[in-house]
There are 2 protein chains.
Amino acid sequence: MIFIGEKINGTRKKIKEAVIERNELYIMDIAKSQAESGADYLDINAGTDPDRETEDLIWLIETVQSVVDTPICIDSSTPSAIKAALEIVREIPMINSINADMERLDDFLPFIKEKNCEVIALALDESKSGMPKTIDERMQALEVIFKETHKKEIDDDKVFIDPLIMAVGTDQSAGNIAFDCIREIRSAYPDAHIAGGLSNISFGLPNRSLINRTFLTLARAFGMDSAVVNPSDVELIESLYATDLLLGKDRFCRKYTNAAKDSFSKKK
Amino acid sequence: MIFIGEKINGTRKKIKEAVIERNELYIMDIAKSQAESGADYLDINAGTDPDRETEDLIWLIETVQSVVDTPICIDSSTPSAIKAALEIVREIPMINSINADMERLDDFLPFIKEKNCEVIALALDESKSGMPKTIDERMQALEVIFKETHKKEIDDDKVFIDPLIMAVGTDQSAGNIAFDCIREIRSAYPDAHIAGGLSNISFGLPNRSLINRTFLTLARAFGMDSAVVNPSDVELIESLYATDLLLGKDRFCRKYTNAAKDSFSKKK
């Protein structure tokens with residue numbers, strides 16, 4: 001399972017404050033804690049107004065890179081901000097995100113190919129409609145995206161497909177739509193990764209982390225292999241170890257038993 | 001989900017002692033606690049020598065029935081003990097268990113039909129071999145069993161199939177075998193229930209309850225609808241509520257949100 005740490009995101013109030021105030025220590029602490037918990041990437045989103053986003057994003061990345069080596073997932077919809085960030089990242093980053101909007105594909109794919117980045121591909125067409133309702137809409141958006149990545153000779157295993165998980169609190173079929181969609185994506189694009197933000201699924205309901213980790217167990221069984229999560233959530237991590245154990249993905253139960261010795265407090 | 005409470009079982013040391021000493025209060029407490037936690041059946045197994053099993057089983061059932069109304073799951077391999085128990089149970093009981101052994105089927109099916117009991121059917125042939133290794137062996141045993149239950153006109157929905165879950169600690173494919181087997185049973189016998197003891201899966205490994213509840217989440221997704229469990233295990237219950245919510249089995253999320261209000265301490 002590839003974990004993308006979700007916490008350094010300026011759409012969260014405390015992070016935004018830290019960005020505005022240039023509170024380095026606050027950001028460093030979160031970065032260190034997520035890296036120690038085993039995040040494979042740290043998502044970094046400045047979340048500030050376009051006129052200062054580039055500057056804030058650069059400051060955030062430099063602050064994070066001053067304490068950890070974890071690769072960065074550059075989270076922005078502004079090509080110029082991403083291009084500036086690409087100049088200063090030390091490891092090959094992930095880009096968050098593209099979708100079936102042709103204008104964005106034309107902007108993003110050249111530098112994704114050139115820098116050999118991984119990229120999160122949302123299963124929607126931003127230029128056409130909002131959140132897709134059906135699995136078909138999602139698959140059509142992915143078809144557009146992969147037609148373009150193939151043209152640019154970007155390998156499928158560089159692409160992390162986000163199936164766009166909806167809230168089960170507002171639509172009780174949201175879980176099944178996600179699971180069916182993950183199965184369909186796994187079959188259509190066997191070499192691509194399937195990632196997704198976990199937190200949408202539980203929006204508006206009590207005990208959200210319980211729903212999120214149960215969702216991850218089921219999504220993992222259907223083919224999800226990456227997630228945007230809080231890697232310090234021990235209950236999520238232990239539940240994932242048990243899931244991989246049960247799905248035959250843990251030779252001689254070694255990962256599980258080793259992690260249990262450490263009380264599942266770190267991803268190995 | 002239909003829960004069969006597992007705790008009143010004489011193969012457990014403390015229960016055996018309570019049986020020998022006729023410690024009524026100890027048994028009553030366990031029965032009440034499981035009933036309050038929402039057990040649909042209470043499994044009762046005397047676990048004593050054949051020469052005293054009937055007497056012990058009767059004492060256990062009468063002790064349990066003096067404090068709760070929950071139907072009993074009579075757990076014995078001795079037809080005479082089961083027949084004696086059938087005379088004193090107040091609710092229609094479940095019988096634990098039959099398998100593809102013809103002698104046992106001939107003994108058990110007539111009274112199962114006559115008393116309209118539910119019955120646990122192990123996917124093995126006790127007369128032929130030990131624990132089945134493959135899914136095919138299990139399906140063959142079930143074929144024998146259903147041929148006989150159909151002859152006796154016992155409805156499939158009276159049968160709780162136990163797919164015989166093995167320990168993932170000794171065979172890392174045990175989880176996948178169980179899931180594939182559950183899927184195959186669900187497709188071959190759509191009206192039958194699929195039950196199973198959870199505890200085998202985690203045998204020999206640390207944090208067993210974590211593995212058990214993760215297994216139940218996955219098994220539920222593939223079609224298991226009943227389990228022999230400790231219904232007072234709050235983490236198991238909350239994880240099952242979240243599973244049903246995500247699998248679209250909880251209209252308007254009502255069961256989940258109500259249970260969350262009660263901190264998932266009771267099955268509703």
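1. The area buried between domain 1 of chain A and domain 3 of chain A is about 510 Å², with 63% of it from carbon and sulfur atoms. Buried area here is the accessible area (1.4 Å probe) that two parts lose on being put together, summed over both. On the domain 1 side, Met1(A), Phe3(A) and Ser37(A) lose the most area to domain 3 of chain A, together 73% of what that side buries.

2. This is a predicted model, in which local features need pLDDT of at least 70, side-chain atom pairs count only at pLDDT 80 or more, and totals for chains, interfaces and linings use all residues. Residues are numbered from 1 along each chain as its sequence is written, chains are lettered from A in the order in which they are written, and side-chain values use heavy atoms, without hydrogens or water.

3. The assignment for chain A, from an automatic or database source, gives domain 1 (1-67), domain 2 (92-225) and domain 3 (233-268). The C-alpha centres of domain 1 and domain 3 of chain A are 27 Å apart. Seven residues of domain 1 of chain A are in contact with four residues of domain 3 of chain A, contact meaning heavy atoms within 4.5 Å.

4. Between domain 1 and domain 3 of chain A there are zero salt bridges, a salt bridge being a side-chain nitrogen of Lys or Arg within 4 Å of a carboxyl oxygen of Asp or Glu.

5. The interface of chain A and chain B buries about 2,800 Å², 70% of it on carbon and sulfur atoms. In this interface, 35 residues of chain A are in contact with 35 residues of chain B. Two salt bridges are found across it. The side chains of Arg213(A) and Glu238(B) form a salt bridge at 3.6 Å, N to O.

6. The largest nonpolar core has 172 residues, and those with the most contacts inside it are Ile95(A), Ile112(A), Phe215(A), Ile74(B), Ile95(B) and Ile112(B). Such a core is a set of buried Ala, Val, Leu, Ile, Met, Phe, Trp, Tyr and Cys residues joined through side-chain atoms within 4.5 Å, where buried means under 20% relative accessible area (1.4 Å probe, protein chains only).

7. Leaving aside neighbours within four places in sequence, Phe215(A) is in contact with Ile165(A), Ala178(A), Phe179(A), Leu198(A), Ile201(A), Met224(A) and, from chain B, Leu246(B).

Note on methods
Buried < 20%, exposed > 50% of the residue type's maximum accessible area, 1.4 Å probe, protein only.
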